[in-house]
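Visitor: I have a structure on my screen and would like a friendly tour. Could you walk me through it?

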Amino acid sequence: MRRSSAPAPAPPGAHPDAAPSDWAGIAFGLALASFAAYQMFKLPPVLPLLLEQYGYPRALAGGFMSVYAVAGLLLSIPLGRALERFGFLGPLLGACALFVLANLLGLALPESGWAVLIARGLEGVSFALCAVAGPSLATRSAGPHHAGLVIGFVAAWIPLGQIAAALLAHGLTPQPGWPALWWIAIAGTLGLAAWIGLRRGRLPGPTHAAIHAPAPRLRRAQVRGLALAGGIFMLWSGQYFAFMTWLPQYLVEAAGLSLQAALLGYLLPVVVLLGLNVVTGWLLGRGVSHAGLLLGALLSQAACWWAMPHAGAGLFGILLLTVYGIGAGISPTCLFAVPGRLTGGKPVPSAFSILMTGRNLGVLAGPILIALAVEGAGGDWAVAAPIFGSLTLVAMVLGAILAPRLRG
């Protein structure tokens with residue numbers, strides 16, 4: 001049975017040379033994923049205000065980010081199958097409705113930490129669907145000559161959402177305050193739903209035939225390589241999301257900055273890594289060493305963690321945030337490119353599911369781990385440096401083991 005909508009292009013590397021890139025489809029996929037990232041990252045820039053106003057326990061506040069990972073771990077694979085079975089239109093509109101409901105709940109009961117956690121969990125369900133659908137729509141719209149560049153764009157959807165949230169927070173705090181970010185999320189969701197409706201004829205429909213077709217099987221060696229990459233992604237995302245969740249609070253408490261200055265410090269590594277996402281995708285497309293880029297990036301981020309207790313708010317602190325942002329831009333781009341490298345340019349969905357499982361485990365553990373460590377050390381932020389510096393070095397060791405599989 002044929003699809004009800006026009007057939008989509010094959011994955012990057014499998015396009016015929018005549019197939020052009022669908023830049024409108026690429027832009028829509030990136031916008032979908034980036035808006036979901038905004039929903040997730042609207043919290044960290046105003047977390048100092050929320051902690052001051054409502055006094056949430058720090059471990060619970062870390063859970064406001066980690067709950068997104070719980071939704072991803074439980075639902076990413078089923079939601080991916082639902083997109084194949086039912087098409088993209090209905091699930092995406094459902095995700096928009098859930099975003100609106102979750103934001104309204106957070107606005108209604110901000111004094112209840114558990115209500116906020118439930119609201120963030122509902123957001124996480126929609127985020128999990130958009131995290132599958134957005135990159136899928138972007139990559140399937142890429143022509144063969146733009147595949148490497150689009151990989152860089154796909155890796156950039158998280159920082160794009162972070163930058164939007166941080167810039168809005170910088171402009172809207174302390175007045176009119178954190179609720180404005182939630183109202184903007186609701187308004188943006190309604191706009192996204194309208195865009196989805198306008199593109200309904202271009203969205204992939206149900207793939208009934210694919211349900212009964214045998215799924216391509218990964219070879220054992222490919223599974224081992226992807227498991228290594230998933231382990232690296234777990235360790236990397238654990239330290240990255242810990243860093244980005246608590247950086248504004250760290251800059252306020254430990255570095256003595258105002259919230260406005262802390263938000264600028266928070267933005268610095270995100271802006272840097274956004275540019276490096278795209279540059280790294282271009283370099284990989286030009287044949288630059290995949291393993292070399294990954295190992296160098298992990299080493300630089302480990303060094304930044306170890307140097308953190310000596311950073312302060314001066315020039316060295318600015319340099320450290322910049323170097324960290326460079327590594328944070330290169331690492332995920334290299335990791336998102338691993339399934340294509342290991343499977344000859346045609347990764348099956350299960351290849352990405354292994355990678356994203358590792359990522360979600362890191363997102364789950366990282367923000368809570370740093371909160372518990374700092375709380376256990378009596379508020380001493382320096383305790384995070386050896387913990388996450390060591391974990392990032394372990395990721396580099398795994399990267400060295402993976403390196404021979406990335407050649408060729």
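Visitor: Which residues have the most contacts inside the largest nonpolar core?

Guide: Welcome! This is a predicted model, where local features need pLDDT of at least 70, side-chain atom pairs count only at pLDDT 80 or more, and totals for chains, interfaces and linings use all residues. Residues are numbered from 1 along each chain as its sequence is written, and side-chain values use heavy atoms, leaving out hydrogens and water. A nonpolar core is a set of buried Ala, Val, Leu, Ile, Met, Phe, Trp, Tyr and Cys residues joined through side-chain atoms within 4.5 Å. The largest one has 123 residues, and those with the most contacts inside it are Trp 157 and Ile 370.

Visitor: Is Ile 232 buried or exposed?

Guide: Ile 232 lies in helix H10, residues 220–253 (helices are DSSP runs of H or I, at least four residues, numbered from the N terminus). Buried means under 20% relative accessible area and exposed over 50%, with partly exposed in between (1.4 Å probe, protein chains only). Ile 232 has 0% relative accessibility, so the residue counts as buried.

Visitor: How is H10 oriented relative to H16?

Guide: H10 packs against helix H16 (residues 384–402) at an angle of about 160°, with the axes 9 Å apart. Axes are lines fitted to C-alpha atoms, for helices over the stretch in contact, and angles run from 0 to 180 degrees between N-to-C directions. Angles under 35 degrees count as roughly parallel, over 145 as roughly antiparallel, 65 to 115 as roughly perpendicular and the rest as oblique. Therefore H10 is, relative to H16, roughly antiparallel.

Key
Helices (H or I, at least four residues) and strands (E, at least two) are DSSP runs, numbered from the N terminus.
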